[in-house]
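Keep the sequence and the 3D view side by side.

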Amino acid sequence: MKLTKDQYLGQIEEHLQVKQVEFTASQVQQPKALKPGVAFCLAQLDSGYLSQYEWKVRLRKGDPVSVRLEENLINVPVKDADRLDGKLLDNETEYGVNLYMVIEGDQVNQSGLRIDLLADEAALASGDEATLVKQLQEWLATQLAQTVENRSAE
C-alpha cells in the first residue's frame, strides 16, 4: 500500500483499526500470542486499512509495557503522527506503508520508547506471516530482557 502523508493522516483519524490484548512477559513471547497480531495487521492492510495491534505486557516489576505493531510511513509512533510535517515527508509523494514494532514503558531505555522496522512495503506484500512472527518474537525477547534488566538495576 502506498499513501501520501495527507492520505495517511486521514486514515489514522478516520479508519485506524485497533486491537488490544493483555499477557504476561512469558506468555507474550510465544508464537501463539504473536501470530494473531501479525495476522490482524496483514489482514487490515489487505483490506485497505491501517492498524495498530497492542499487547499490554505485565512484568514482574513495575508498570506494564505497551508492545505494538503499527503501520506508518516512517519510524514514528502512530500517536505522534501529527509530527509528520513537511520537514519529514513531502506532501505530494506517495510512500510505502511499513510495519513497525514499538515498545513503550518505564525503563525500556532512556527515552521509554523503542521503534524498529519489522517489514517494509515489499515484505508486507509477500505476506510471509511465519517469518514476521519469528522476527517479532526475537525482537520482543531482546526488548523485554533489556527492560527487566533496567528495572532490576534500580
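This is a predicted model: local features need pLDDT of at least 70, side-chain atom pairs count only at pLDDT 80 or more; totals for chains, interfaces and linings use all residues.

**From sheet to core**

Strand β4, residues 65-72, pairs with strand β6, residues 98-104. The sense is antiparallel, and the pairing runs over seven bridges. E70 stands opposite Y100 in β6. V67 has I103 of β6 as its bridge partner.

Follow I103 onward. Its bridge partner in β7 is R114. β6 and β7 also pair in the antiparallel sense, here over six bridges.

Now widen the view. The sheet is open and has five strands, in the order β2-β3-β4-β6-β7. Its pairing is mixed. Which strands stand at the edges? They are β2 (17-24) and β7 (113-119). Each has a single partner strand, so one side of each is left without a neighbour in the sheet. From one strand to the next, the twist averages 20 degrees. As background, strands of a sheet pair through backbone hydrogen bonds, either parallel or antiparallel.

Next comes a helix. α3, residues 31-46, packs on the sheet. It touches β2, β3 (51-58), β4 and β6. The direction of α3 makes about 165 degrees with that of β3.

Then look at the core. The largest nonpolar core has 40 residues. Which of them touch the most other members? The answer is Y8, W55, V57, L69, L136 and L144. Several helices and strands contribute. α1, α2 (25-28), α3, β3, β4, β6, β7 and α5 (129-152) each supply at least two residues of this core.

Leaving aside neighbours within four places in sequence, L136 is in contact with L34, V38, W55, L69, M101 and L118. Two of these contacts, W55 and L69, are also on the list of core residues that touch the most other members.

Finish close to the start of the chain. T4 is found in the loop between β1 (2-3) and α1 (5-15). Is T4 buried or exposed? With a relative accessible area of 12%, T4 is buried, because the cut-off for buried is under 20%. Its contacts include L73, N91 and E92. T93 and E94 touch T4 too. Residues up to four places away in sequence are not counted here.

Definitions and conventions: Residues are numbered from 1 along each chain as its sequence is written. Side-chain values use heavy atoms; hydrogens and water are left out. Two strands pair if DSSP finds at least two bridges between them. Helices (H or I, at least four residues) and strands (E, at least two) are DSSP runs, numbered from the N terminus. Axes are lines fitted to C-alpha atoms, for helices over the stretch in contact, and angles run from 0 to 180 degrees between N-to-C directions. Contact means heavy atoms within 4.5 Å. Buried means under 20% relative accessible area, exposed over 50%, partly exposed in between (1.4 Å probe, protein chains only). A nonpolar core is a set of buried Ala, Val, Leu, Ile, Met, Phe, Trp, Tyr and Cys residues joined through side-chain atoms within 4.5 Å.
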